[in-house]
Structures are given as C-alpha cells and as structure tokens.
Amino acid sequence: MLLRLPGVYRPQHDTQLLADVLAAEPLGPHSRVLDLCAGTGALSVCAAAAGADRVTAVDVSRRAAISIRLNALVGGHRIRVIHGDLIEKVREERFDVVVSNPPYVPALADAVPDRGPARAWDAGKNGRALLDRICCQAPDVLVAGGVLLLAQSSLSGVEKTLTMLEEQNMRVDIAATAEIPFGPVLVERRGMLERRGLIEVGQTREEIVVIRAVK
Ligand SMILES: C[S@@+](CC[C@H](N)C(=O)[O-])C[C@H]1O[C@@H](n2cnc3c(N)ncnc32)[C@H](O)[C@@H]1O
C-alpha cells in the first residue's frame, strides 16, 4: 500500500506491467537504478525491495517527490529523491537500469501541462512529448550493457520508440504487453482519437507495451 498526496498518479496497469518486467532484471546490491517519472515511487520501491541499493527517483511534481519520500520512509527503503525534469539533475551519473512509466496519452494540445493531475498523463497531440525526450536522453545515463525499461501505449507510436532507440545503437525488444480497457481519460477523448485516426471507430481498448532496450 503506497501513500499518495492528492493529484499524484495512482499506480495502475502500466505500473504493474513495468514492475513485473523490472522484477526479471538481476538487481544486485551494486545495481544503480534510475526511476524517471516516478509518481508515488512504486517502481523505485520495487527496485529497492529487489535488492538494488542505489535507487534514484525523479519526478517534476513536488507532491510526487514528497510522496516518494514518505513511501521510502514508511517502507524502510533507501531511495534518493530528486525533484526535477527527467535526467537534468543526474546527467553526469551512470545507471545500470533506467525504468520509466512516463506520460504518454495523446492530448488536445501539444503543450504539456505544467501543473495538475493531467501532468501525469498528457503528452502532446501524439502522446510522445516525454517518450521522444526519454529515447534521446536515457541512453546517455546508462552504462554499457545497461537496460532501459519503458512503458507506453500502442496509441503513442511503439514503432517510433523502437526506431529512435535503435538509432542510438540500443538493442530493443518488446518485453511485455497487456490489453486493457480505456480508462476515463481515453473514454472522454474517444471522439478526438477517432477523428485523428489514432483509434478505430468504436475501439474501447488499448495495448500497454513495455520496451526493453540494452545499450
Ligand atoms: C504515468 S505517471 C507514472 C508514475 C509512476 N512511475 C507509476 O508508474 O505509477 C507519470 C509521472 O511523470 C511525472 N512527470 C511528468 N513530466 C515529467 C518530467 N518532465 N520529468 C519528470 N517527471 C515528469 C508526473 O508528475 C507523473 O508523476
């Protein structure tokens, strides 16, 4: 049970799918794990519980950062919490695993919100505002042989993610998929998504994908 300040993303299917993939990574006491877009810190807690003793959680939301600190404290986990934008404050560091469940929902506008709960899911018109940045930045903070685990929806261009990572000389794989019913945000946006051709008329389910990329 994780603590969560109001407005912080409640761990959902995507979090669980990514946690399952993370659990299959060999995380020893010397593993350095970076959780980008950490929310409550659910994935950081999983990494710490699996034995990684250097876990860093980054989130741009102050409430998320506080929630992660609380969850680390309550669970007795050593997690370094950084309030910031993606890798900006860890640019000079290197990690064995970067795990990320970023915002990836196609939104009405290209500008990403700078506050409020929607900052956890809205990611520009094509849903790729954060995914594109992570594809470019994550390889820079991985050691050779390091692993990126990245969750996204099939609505926000899985092929584009695979191509961008391959262009950075990463070996890519789909590690897990799950088909889930649209949540309230997608239900509300169905008309817009249909008009843009991002979903079929009448579609009510999306596929969540976890990409595993090795540097
Ligand atoms: C979908 S939630 C995922 C939370 C958590 N990882 C999970 O799986 O339950 C996305 C998170 O990304 C954070 N976020 C959005 N933009 C960010 C940015 N530029 N840098 C860091 N975190 C960001 C949001 O505040 C939110 O907590």
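**Reading the sheet, the helices and the pocket**

Guide: Start with a helix on the sheet. α2 lies across β1 (32–36), β2, β3 and β4 (95–100), and α2 runs at about 180 degrees to β2. Keep in mind that this is a predicted model.

Visitor: In what order do the 7 strands of the open sheet come?

Guide: The order is β3-β2-β1-β4-β5-β7-β6, with mixed pairing. β3 (79–83) and β6 stand at the edges with a single partner strand each, so one side of each has no neighbour in the sheet. On average, neighbouring strands are turned by 15 degrees against each other, direction ignored.

Visitor: Do β1 and β2 run parallel or antiparallel?

Guide: Parallel, and 5 bridges join them. For a landmark, find Leu34, which stands opposite Thr56 in β2.

Visitor: And in which sense do β5 and β7 pair?

Guide: Antiparallel. Strand β5 (residues 142–153) and β7 pair that way over 7 bridges. Here the landmark is Leu148, which stands opposite Ala213 in β7.

Visitor: How should I think about side chains on a strand?

Guide: In a regular strand they alternate between the two faces of the sheet. Now ask how covered a strand is. In β2, 5 of the 6 residues are buried, so to speak under 20% relative accessible area.

Visitor: Which strands does α4 lie across?

Guide: α4 lies across β4 and β5, at about 170 degrees to β5. Its buried residues are Leu130, Leu131, Ile134, Cys135 and Gln137. These buried residues of α4 pack against β4, β5 and also α5 (158–167).

Visitor: How does one find empty space in a model?

Guide: Rolling a probe the size of a water molecule over the atoms shows where empty space is left. In this model, the largest pocket has a volume of about 1100 Å³. It is lined by 50 residues, and the closest to its centre are Tyr9, Pro117, Arg119, Ala120 and Trp121.

Visitor: Which helices and strands each supply at least two residues of that lining?

Guide: The helices are α1 (13–23), α2 (42–49), α3 (62–75), α4 (129–137) and α6 (184–188). The strands are β2 (54–59), β6 (171–181) and β7 (205–214).

Visitor: How many residues of the lining are nonpolar, polar and charged?

Guide: Sort the lining of the largest pocket by class. You get 28 nonpolar, 11 polar and 11 charged residues.

Key
Residues numbered from 1 in each chain as written. Predicted model: local features only at pLDDT ≥ 70, side-chain atom pairs only at ≥ 80, totals over all residues. Heavy atoms only, no water. 1 Å grid on protein atoms, 1.4 Å probe; cavity = no way out; pocket = protein on both sides within 12 Å on 5 of 7 lines; lining within 4 Å. Points joined across faces, edges and corners; volume = space filled by probe spheres on them. Helix = DSSP H or I, 4+ residues; strand = E, 2+ residues; numbered from the N terminus. Nonpolar A, V, L, I, M, F, W, Y, C, P; charged D, E, K, R; others polar. Pairing = 2+ DSSP bridges. Axes fitted to C-alpha atoms, helices over the stretch in contact; angles between N-to-C directions. Contact = heavy atoms within 4.5 Å. Buried < 20%, exposed > 50% of the residue type's maximum accessible area, 1.4 Å probe, protein only.
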